[in-house]
Amino acid sequence: MAEPAAETAFADEALTHLDTLYRGALRLTHDPDAAQDLVQEAYLRALRYQHSYQQGTNMKAWLFAIMRNLFWDRFKGARKEDVSLDDVGDFVLFEKLRDEGARPESDVLDKIAASEVVAAVDKLPPLHREVVLLVDVEGFSYKDAAQALGVPIGTVMSRLHRARQQLQKSLFEYAVESGIVRPGGPTQVSQA
Amino acid sequence: MKCQECADKLDRFVDRELTNTEALEVQLHLEGCPDCMEHYEFQEHLKRLVKHSCDCDVAPVAFREKLRQILS
Ligand SMILES: [Zn+2]
Ligand SMILES: [Zn+2]
(Lines give C-alpha, C1' and ligand atoms only; values in the text may rest on other atoms or scores of the structure.)
(Ligands and ions follow the chains in the order given, each with its own letter.)
Protein backbone atom coordinates (compact mmCIF):
# COMPACT_ATOMS: atom_id res chain seq x y z
CA MET A 1 0.00 0.00 0.00
CA ALA A 2 1.46 3.32 -1.06
CA GLU A 3 1.82 6.08 1.48
CA PRO A 4 -0.83 8.77 1.00
CA ALA A 5 1.97 11.32 0.61
CA ALA A 6 3.59 9.26 -2.14
CA GLU A 7 0.25 8.94 -3.88
CA THR A 8 -0.29 12.69 -3.77
CA ALA A 9 3.20 13.24 -5.14
CA PHE A 10 2.44 10.82 -7.95
CA ALA A 11 -0.83 12.58 -8.77
CA ASP A 12 0.88 15.98 -8.66
CA GLU A 13 3.58 14.88 -11.06
CA ALA A 14 1.06 13.18 -13.34
CA LEU A 15 -1.03 16.35 -13.48
CA THR A 16 1.93 18.37 -14.78
CA HIS A 17 1.32 16.49 -18.06
CA LEU A 18 -2.39 17.27 -18.20
CA ASP A 19 -2.21 19.74 -21.09
CA THR A 20 -0.34 17.24 -23.26
CA LEU A 21 -2.91 14.54 -22.55
CA TYR A 22 -5.84 16.88 -23.03
CA ARG A 23 -4.53 18.23 -26.34
CA GLY A 24 -3.88 14.71 -27.56
CA ALA A 25 -7.35 13.56 -26.52
CA LEU A 26 -8.92 16.61 -28.13
CA ARG A 27 -7.16 16.04 -31.45
CA LEU A 28 -8.05 12.33 -31.34
CA THR A 29 -11.74 12.71 -30.40
CA HIS A 30 -12.51 16.15 -31.89
CA ASP A 31 -14.82 16.68 -28.94
CA PRO A 32 -13.99 18.56 -25.70
CA ASP A 33 -16.41 16.52 -23.58
CA ALA A 34 -15.17 13.19 -24.94
CA ALA A 35 -11.61 14.43 -24.44
CA GLN A 36 -12.27 15.21 -20.77
CA ASP A 37 -13.89 11.80 -20.23
CA LEU A 38 -10.97 10.08 -21.87
CA VAL A 39 -8.35 12.00 -19.92
CA GLN A 40 -10.16 11.51 -16.62
CA GLU A 41 -10.38 7.78 -17.18
CA ALA A 42 -6.73 7.70 -18.18
CA TYR A 43 -5.71 9.42 -14.94
CA LEU A 44 -7.82 7.09 -12.82
CA ARG A 45 -6.24 4.14 -14.55
CA ALA A 46 -2.77 5.63 -14.13
CA LEU A 47 -3.32 6.05 -10.42
CA ARG A 48 -4.55 2.47 -10.14
CA TYR A 49 -1.55 1.10 -12.02
CA GLN A 50 1.05 3.51 -10.72
CA HIS A 51 3.14 0.59 -9.43
CA SER A 52 3.75 -0.36 -13.07
CA TYR A 53 5.29 3.04 -13.78
CA GLN A 54 9.06 2.79 -13.60
CA GLN A 55 10.72 5.69 -11.81
CA GLY A 56 13.13 7.57 -14.02
CA THR A 57 11.34 6.67 -17.25
CA ASN A 58 9.24 9.16 -19.17
CA MET A 59 6.00 9.63 -17.26
CA LYS A 60 4.48 11.76 -20.01
CA ALA A 61 4.96 8.96 -22.55
CA TRP A 62 3.57 6.43 -20.07
CA LEU A 63 0.46 8.53 -19.43
CA PHE A 64 -0.05 9.22 -23.10
CA ALA A 65 0.11 5.49 -23.80
CA ILE A 66 -2.67 4.86 -21.27
CA MET A 67 -4.82 7.61 -22.78
CA ARG A 68 -4.38 6.60 -26.41
CA ASN A 69 -4.88 2.90 -25.63
CA LEU A 70 -8.19 3.80 -23.99
CA PHE A 71 -9.07 5.81 -27.08
CA TRP A 72 -8.34 2.88 -29.38
CA ASP A 73 -10.24 0.47 -27.10
CA ARG A 74 -13.32 2.67 -27.17
CA PHE A 75 -13.19 3.52 -30.82
CA LYS A 76 -12.05 0.15 -32.05
CA GLY A 77 -14.05 0.56 -35.23
CA ALA A 78 -11.93 3.59 -36.08
CA ARG A 79 -8.87 1.41 -36.47
CA LYS A 80 -10.41 -0.33 -39.45
CA GLU A 81 -11.20 2.98 -41.07
CA ASP A 82 -7.66 4.15 -40.58
CA VAL A 83 -6.76 4.51 -44.21
CA SER A 84 -3.24 3.91 -45.23
CA LEU A 85 -1.26 6.86 -46.42
CA ASP A 86 0.76 4.71 -48.78
CA ASP A 87 -0.85 6.32 -51.76
CA VAL A 88 0.27 9.83 -50.87
CA GLY A 89 3.40 9.20 -52.87
CA ASP A 90 6.39 11.42 -52.48
CA PHE A 91 4.80 14.80 -52.05
CA VAL A 92 7.31 17.47 -51.21
CA LEU A 93 5.53 20.74 -50.62
CA PHE A 94 8.74 22.71 -50.76
CA GLU A 95 9.57 21.48 -54.24
CA LYS A 96 5.97 21.74 -55.38
CA LEU A 97 5.80 25.38 -54.32
CA ARG A 98 9.06 26.19 -56.03
CA ASP A 99 7.74 24.55 -59.19
CA GLU A 100 4.76 26.86 -58.91
CA GLY A 101 7.13 29.81 -58.75
CA ALA A 102 6.42 30.69 -55.13
CA ARG A 103 8.92 31.40 -52.39
CA PRO A 104 7.89 28.51 -50.13
CA GLU A 105 8.69 30.07 -46.78
CA SER A 106 7.86 33.74 -47.05
CA ASP A 107 5.10 33.49 -49.65
CA VAL A 108 3.27 30.54 -48.23
CA LEU A 109 4.04 29.40 -44.68
CA ASP A 110 3.72 32.92 -43.32
CA LYS A 111 0.24 33.21 -44.81
CA ILE A 112 -1.33 29.97 -43.66
CA ALA A 113 -3.68 30.49 -40.71
CA ALA A 114 -3.24 28.37 -37.58
CA SER A 115 -6.81 27.11 -37.94
CA GLU A 116 -5.96 25.71 -41.37
CA VAL A 117 -2.96 23.87 -39.95
CA VAL A 118 -5.14 22.39 -37.21
CA ALA A 119 -7.70 21.36 -39.84
CA ALA A 120 -4.96 19.66 -41.87
CA VAL A 121 -3.73 17.80 -38.75
CA ASP A 122 -7.31 16.74 -37.94
CA LYS A 123 -7.70 15.34 -41.44
CA LEU A 124 -4.82 12.91 -40.95
CA PRO A 125 -5.79 9.29 -40.19
CA PRO A 126 -5.59 8.86 -36.38
CA LEU A 127 -2.56 6.54 -36.40
CA HIS A 128 -0.63 9.19 -38.31
CA ARG A 129 -2.16 12.11 -36.46
CA GLU A 130 -0.93 10.88 -33.09
CA VAL A 131 2.69 10.70 -34.29
CA VAL A 132 2.56 14.32 -35.43
CA LEU A 133 1.01 15.31 -32.11
CA LEU A 134 3.72 13.59 -30.12
CA VAL A 135 6.78 14.56 -32.15
CA ASP A 136 5.86 17.95 -33.60
CA VAL A 137 3.41 19.39 -31.09
CA GLU A 138 4.63 17.86 -27.82
CA GLY A 139 8.31 17.53 -28.73
CA PHE A 140 8.65 13.81 -27.95
CA SER A 141 11.81 12.06 -29.08
CA TYR A 142 11.27 9.18 -31.51
CA LYS A 143 12.11 6.82 -28.66
CA ASP A 144 9.49 8.29 -26.33
CA ALA A 145 6.93 8.41 -29.12
CA ALA A 146 7.63 4.73 -29.84
CA GLN A 147 7.07 3.96 -26.15
CA ALA A 148 3.82 5.93 -26.04
CA LEU A 149 2.49 4.27 -29.19
CA GLY A 150 3.81 0.78 -28.52
CA VAL A 151 5.55 0.53 -31.90
CA PRO A 152 9.19 0.31 -33.04
CA ILE A 153 11.10 3.54 -33.73
CA GLY A 154 11.16 2.68 -37.44
CA THR A 155 7.35 2.76 -37.47
CA VAL A 156 7.37 6.17 -35.78
CA MET A 157 9.70 7.46 -38.48
CA SER A 158 7.76 6.05 -41.42
CA ARG A 159 4.39 7.19 -40.05
CA LEU A 160 5.80 10.62 -39.32
CA HIS A 161 7.26 10.95 -42.79
CA ARG A 162 4.02 9.97 -44.48
CA ALA A 163 1.96 12.12 -42.14
CA ARG A 164 4.11 15.14 -42.96
CA GLN A 165 3.74 14.52 -46.66
CA GLN A 166 -0.04 14.29 -46.34
CA LEU A 167 -0.04 17.41 -44.18
CA GLN A 168 1.97 19.30 -46.78
CA LYS A 169 -0.38 18.11 -49.49
CA SER A 170 -3.39 19.44 -47.56
CA LEU A 171 -1.68 22.75 -46.94
CA PHE A 172 -0.77 23.04 -50.59
CA GLU A 173 -4.37 22.40 -51.62
CA TYR A 174 -5.48 25.05 -49.15
CA ALA A 175 -2.87 27.49 -50.46
CA VAL A 176 -4.14 26.99 -54.00
CA GLU A 177 -7.83 27.18 -53.03
CA SER A 178 -7.34 30.34 -51.04
CA GLY A 179 -5.24 32.00 -53.71
CA ILE A 180 -2.02 32.09 -51.68
CA VAL A 181 -0.50 30.13 -54.55
CA ARG A 182 -1.73 30.68 -58.08
CA PRO A 183 -2.37 27.29 -59.67
CA GLY A 184 -0.04 26.60 -62.51
CA GLY A 185 2.05 29.61 -61.62
CA PRO A 186 4.69 30.87 -64.00
CA THR A 187 5.62 27.34 -65.04
CA GLN A 188 2.22 26.75 -66.63
CA VAL A 189 2.33 26.26 -70.38
CA SER A 190 -0.05 28.73 -71.96
CA GLN A 191 -3.12 27.11 -73.45
CA ALA A 192 -3.17 28.75 -76.85
CA MET B 1 27.64 14.61 -48.47
CA LYS B 2 25.34 14.59 -51.50
CA CYS B 3 22.07 16.52 -51.58
CA GLN B 4 20.08 13.26 -51.65
CA GLU B 5 21.72 12.03 -48.45
CA CYS B 6 21.03 15.40 -46.87
CA ALA B 7 17.36 15.19 -47.92
CA ASP B 8 17.11 11.68 -46.48
CA LYS B 9 18.40 12.92 -43.13
CA LEU B 10 16.37 16.11 -43.03
CA ASP B 11 13.47 14.70 -40.96
CA ARG B 12 15.85 13.43 -38.32
CA PHE B 13 17.93 16.61 -38.43
CA VAL B 14 14.85 18.78 -37.89
CA ASP B 15 13.72 16.45 -35.09
CA ARG B 16 17.19 16.52 -33.45
CA GLU B 17 17.44 12.75 -33.79
CA LEU B 18 20.80 12.44 -35.54
CA THR B 19 24.00 11.59 -33.72
CA ASN B 20 26.32 14.55 -33.15
CA THR B 21 28.58 13.42 -35.97
CA GLU B 22 25.71 13.00 -38.44
CA ALA B 23 24.21 16.33 -37.44
CA LEU B 24 27.55 18.04 -37.98
CA GLU B 25 27.84 16.51 -41.45
CA VAL B 26 24.37 17.75 -42.36
CA GLN B 27 25.16 21.17 -40.89
CA LEU B 28 28.31 21.41 -42.99
CA HIS B 29 26.41 20.45 -46.13
CA LEU B 30 23.70 23.01 -45.42
CA GLU B 31 26.22 25.79 -44.97
CA GLY B 32 27.62 25.09 -48.42
CA CYS B 33 24.36 24.36 -50.22
CA PRO B 34 21.76 27.14 -50.46
CA ASP B 35 19.13 24.80 -51.97
CA CYS B 36 19.26 22.32 -49.10
CA MET B 37 19.50 25.18 -46.59
CA GLU B 38 16.31 26.68 -47.95
CA HIS B 39 14.59 23.30 -47.80
CA TYR B 40 15.79 22.81 -44.23
CA GLU B 41 14.54 26.23 -43.13
CA PHE B 42 11.20 25.46 -44.72
CA GLN B 43 10.86 22.15 -42.86
CA GLU B 44 11.92 23.76 -39.58
CA HIS B 45 9.37 26.54 -40.07
CA LEU B 46 6.63 24.02 -40.93
CA LYS B 47 7.36 22.04 -37.78
CA ARG B 48 7.13 25.22 -35.71
CA LEU B 49 3.91 26.16 -37.46
CA VAL B 50 2.34 22.79 -36.63
CA LYS B 51 3.44 23.09 -33.03
CA HIS B 52 2.13 26.58 -32.46
CA SER B 53 -1.11 25.92 -34.29
CA CYS B 54 -1.93 22.95 -32.09
CA ASP B 55 -0.35 23.73 -28.73
CA CYS B 56 -2.62 26.60 -27.76
CA ASP B 57 -5.34 24.28 -26.48
CA VAL B 58 -4.93 23.72 -22.77
CA ALA B 59 -7.03 21.80 -20.29
CA PRO B 60 -9.82 23.99 -18.85
CA VAL B 61 -9.07 25.22 -15.32
CA ALA B 62 -12.25 23.69 -13.90
CA PHE B 63 -11.33 20.32 -15.37
CA ARG B 64 -7.85 20.48 -13.86
CA GLU B 65 -9.38 21.29 -10.47
CA LYS B 66 -11.85 18.43 -10.78
CA LEU B 67 -9.06 15.99 -11.58
CA ARG B 68 -6.96 17.26 -8.70
CA GLN B 69 -9.82 16.50 -6.32
CA ILE B 70 -10.59 13.10 -7.82
CA LEU B 71 -6.96 12.05 -7.66
CA SER B 72 -6.20 13.19 -4.13
ZN1 LIG C 1 22.44 20.09 -51.01
ZN1 LIG D 1 1.30 28.35 -29.22
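**Figure 1. Salt bridges between chain A and chain B.** In this predicted model, five salt bridges are counted between chain A and chain B. The elements that contribute two or more residues to the side of chain A touching chain B are α1 (4-15), α2 (18-29), α3 (32-48), α6 (93-99), α7 (104-108), α8 (114-123), α9 (126-137) and α11 (153-177) of chain A. Of these, α11(A) provides the largest share, seven residues. The residues on this side of chain A comprise 28 nonpolar, five polar and ten charged. Over all chains, the count of salt bridges comes to 15.

**Figure 2. The extent of the interface between chain A and chain B.** The size of an interface is often expressed as the accessible area that is lost when the parts come together. Here chain A and chain B bury about 3600 Å² between them, and carbon and sulfur atoms account for 64% of that area. In terms of residues, 43 of chain A are in contact with 30 of chain B. Polar contacts also cross the interface, with 16 residue pairs found at pLDDT 80 or more for both partners.

**Figure 3. A:R164 and its partners in chain B.** Side chains of opposite charge can pair when their charged atoms come close. The side chain of A:R164 meets that of B:D11 in a salt bridge, at 3.0 Å from N to O. A:R164 also forms a salt bridge with B:D15, at 2.8 Å from N to O. This second pair crosses between chains, with B:D15 in the loop between α1 (3-14) and α2 (20-32) of chain B and A:R164 in helix α11 of chain A. With a relative accessible area of 9%, B:D15 is buried. A:R164 is likewise buried, its relative accessible area being 7%. Both residues belong to a network of salt bridges that links A:D136, A:R164, B:D11, B:D15 and B:K47.

**Figure 4. The salt bridge between A:D19 and B:R64.** The closest N and O atoms of A:D19 and B:R64 are 3.3 Å apart, and the two residues form a salt bridge. A:D19 lies in helix α2 of chain A and B:R64 in helix α4 (residues 61-71) of chain B, so the pair joins two chains.

**Figure 5. A salt bridge within chain A.** A:R68 and A:E130 form a salt bridge in which the closest N and O atoms are 2.6 Å apart. The pair links distant parts of the chain, as A:R68 belongs to helix α4 (residues 59-74) of chain A and A:E130 to helix α9 of chain A, 62 residues apart. Both A:R68 and A:E130 are buried.

**Figure 6. The surroundings of A:M67.** A:M67 is located in helix α4 of chain A. Its relative accessibility is 0%, so A:M67 counts as buried. When neighbours within four places in sequence are left aside, A:M67 is in contact with A:L21, A:G24, A:A25, A:L28, A:L38 and A:A42. A:V151 is 84 residues from A:M67 in sequence, and the C-alpha atoms of the two residues are 16 Å apart in space.

**Figure 7. Helix α10 of chain A and its cover.** Six of the eight residues of α10 (residues 142-149) of chain A are buried, so this helix is largely enclosed by the rest of the structure. The buried residues of α10(A) are A:Y142, A:D144, A:A145, A:A146, A:A148 and A:L149. Their cover includes α4, α9 and α11 of chain A, together with α1 of chain B. After α10(A) comes A:G150, which has a positive phi near 65 degrees.

**Figure 8. The helices of chain A.** The secondary structure of chain A consists of eleven helices and zero strands. Along the sequence, chain A reads as α-α-α-α-α-α-α-α-α-α-α. Chain A has 192 residues, of which 50% are buried. Among its contacts between residues at least 6 apart in sequence, 72% join residues at least 24 apart. Chain A exposes about 9400 Å², and carbon and sulfur atoms supply 50% of this area.

Key:
Residues are numbered from 1 along each chain as its sequence is written. Chains are lettered from A and ligands numbered from 1 in the order in which they are written. This is a predicted model: local features need pLDDT of at least 70, side-chain atom pairs count only at pLDDT 80 or more; totals for chains, interfaces and linings use all residues. Side-chain values use heavy atoms; hydrogens and water are left out. Contact means heavy atoms within 4.5 Å. Buried area is the accessible area (1.4 Å probe) that two parts lose on being put together, summed over both. A salt bridge is a side-chain nitrogen of Lys or Arg within 4 Å of a carboxyl oxygen of Asp or Glu. A polar contact is a pair of N or O atoms within 3.5 Å; within protein, one must be able to donate a hydrogen and the other to accept it, and residues adjacent in sequence count only if both atoms are side-chain atoms. Helices (H or I, at least four residues) and strands (E, at least two) are DSSP runs, numbered from the N terminus. Ala, Val, Leu, Ile, Met, Phe, Trp, Tyr, Cys and Pro count as nonpolar, Asp, Glu, Lys and Arg as charged, and the others, Gly among them, as polar. Buried means under 20% relative accessible area, exposed over 50%, partly exposed in between (1.4 Å probe, protein chains only). Accessible areas come from the Shrake-Rupley method with a 1.4 Å probe; for residues, only the protein chains shown count as cover.
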